[in-house]
Amino acid sequence: MRKTIIAGNWKMYKTVVQAIELANGLKRELFAVASDEIDIVLCPPFTALSEVGEVLVDSNLQLGAQDTFWQDEGAFTGEVSPMMLRDIEVKFVIIGHSERRQYFGETNESVNKKLKAALGAGLVPIVCVGETLKQREGGETFKVLEEQLREGLKGIEEQGIEGVVIAYEPVWAIGTGKTATFQQAQEAQKYIRNLLVKMYNNEVAEKIRIQYGGSVKPENIAELIRQPDIDGALVGGASLTTESFTAIVKKASEVRK
Ligand code: PGA
């Protein structure tokens with residue numbers, strides 16, 4: 001069985017002091033959740049990565065970043081490299097989040113470069129894909145997903161892809177309170193897994209973890225995680241308080257027991 005992965009994407013929230021407080025709260029509440037059953041990942045903003053990392057030492061919670069550049073170093077003002085993330089013990093990195101695609105010009109091509117760089121540095125990439133409302137209503141969901149995955153994963157060999165996590169995040173469900181129904185999420189994620197069978201093979205596709213993201217809350221995590229192709233969640237808004245993120249992780253872990 002694929003190991004469940006619940007990641008909290010804190011986006012552009014939390015000062016360093018607030019981030020430390022949240023990380024401490026989660027460490028206290030979630031210490032009993034076995035780390036061999038479930039990966040719990042916190043993705044604070046860059047400014048708080050180091051300090052949150054220190055809080056997480058010797059805990060069952062792991063550190064992730066929200067983006068990375070594709071070069072190790074150079075004159076790239078404002079960017080942070082995979083090597084720099086490794087330097088402060090970051091393990092996971094979100095790549096191609098829809099907000100980066102929408103507001104910061106991220107493309108399937110840049111996702112592909114970042115993905116290769118992240119894998120090269122030994123990070124675990126969480127690659128985000130998902131359709132907009134217009135694309136869903138236009139019947140283009142599968143076409144968009146196929147394009148994002150074929151281009152985003154271009155050149156990634158079988159060996160590399162097994163270390164990648166995919167997050168299906170329908171753009172219309174992010175931060176809107178409108179969760180995809182578990183049937184919609186399962187349908188899209190099954191499509192993604194079948195596509196991975198075509199792009200790689202059955203064995204590889206069975207190993208890859210696919211998270212769902214988009215208005216995940218304590219109230220809907222259980223039915224999402226019960227679906228055969230939903231292996232976890234990427235949580236935005238509900239990852240910002242100890243109470244709600246703790247509830248999500250505990251419910252997911254109960255379902256998986
Ligand atoms: P949300 O965000 O849970 O606030 O909808 C999810 C995400 O953007 O990863």
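**Ligand site and pockets**

By class, the shell around the ligand holds four nonpolar, seven polar and two charged residues. The model is predicted. The ligand takes up the space of the largest pocket.

**Ligand contacts**

- The ligand has 13 residues around it, and Lys11, His97, Glu169, Gly175 and Ser215 come nearest.
- Lys11 places a polar side-chain atom 2.8 Å from an oxygen atom of the ligand.
- Glu169 also has a polar side-chain atom by a ligand oxygen atom, at 2.7 Å.
- From Gly237, a backbone N or O atom lies 2.8 Å from an oxygen atom of the ligand.
- The ligand taken alone exposes 280 Å², of which the protein buries 95%.

**Largest pocket**

- This pocket contains about 750 Å³ of space.
- Its lining comprises 34 residues, with Asn9, Lys11, Met12, Gln66 and Glu99 closest to the centre.
- Helix H4 (98–103) and strand E8 (232–235) are the elements that give two or more residues to the lining.
- H4 gives the most, with three residues.
- The lining of the largest pocket divides by class into 17 nonpolar, ten polar and seven charged residues.

**Second largest pocket**

- About 220 Å³ of space lies in the second largest pocket.
- Among the 14 residues that line the second largest pocket, Arg101, Gly130, Thr132, Gln148 and Val171 lie nearest its centre.
- Two or more lining residues come from each of H4, strand E5 (124–129) and helix H7 (141–152).
- Four nonpolar, seven polar and three charged residues make up the lining of the second largest pocket.

Methods. Residues are numbered from 1 along each chain as its sequence is written. This is a predicted model: local features need pLDDT of at least 70, side-chain atom pairs count only at pLDDT 80 or more; totals for chains, interfaces and linings use all residues. Side-chain values use heavy atoms; hydrogens and water are left out. A residue is near a molecule or strand if one of its heavy atoms lies within 4 Å of it. A polar contact is a pair of N or O atoms within 3.5 Å; within protein, one must be able to donate a hydrogen and the other to accept it, and residues adjacent in sequence count only if both atoms are side-chain atoms. Accessible areas come from the Shrake-Rupley method with a 1.4 Å probe; for residues, only the protein chains shown count as cover. On a 1 Å grid over the protein atoms alone, a cavity is a set of points where a 1.4 Å probe fits but cannot get out, and a pocket is an open set with protein on both sides within 12 Å along at least five of seven lines; lining residues have an atom within 4 Å of a point. A molecule sits in a cavity or pocket if more than half of its atoms lie within 2 Å of its grid points. Ala, Val, Leu, Ile, Met, Phe, Trp, Tyr, Cys and Pro count as nonpolar, Asp, Glu, Lys and Arg as charged, and the others, Gly among them, as polar. Grid points are joined across faces, edges and corners, and a volume is the space filled by probe spheres set on the points. Helices (H or I, at least four residues) and strands (E, at least two) are DSSP runs, numbered from the N terminus.
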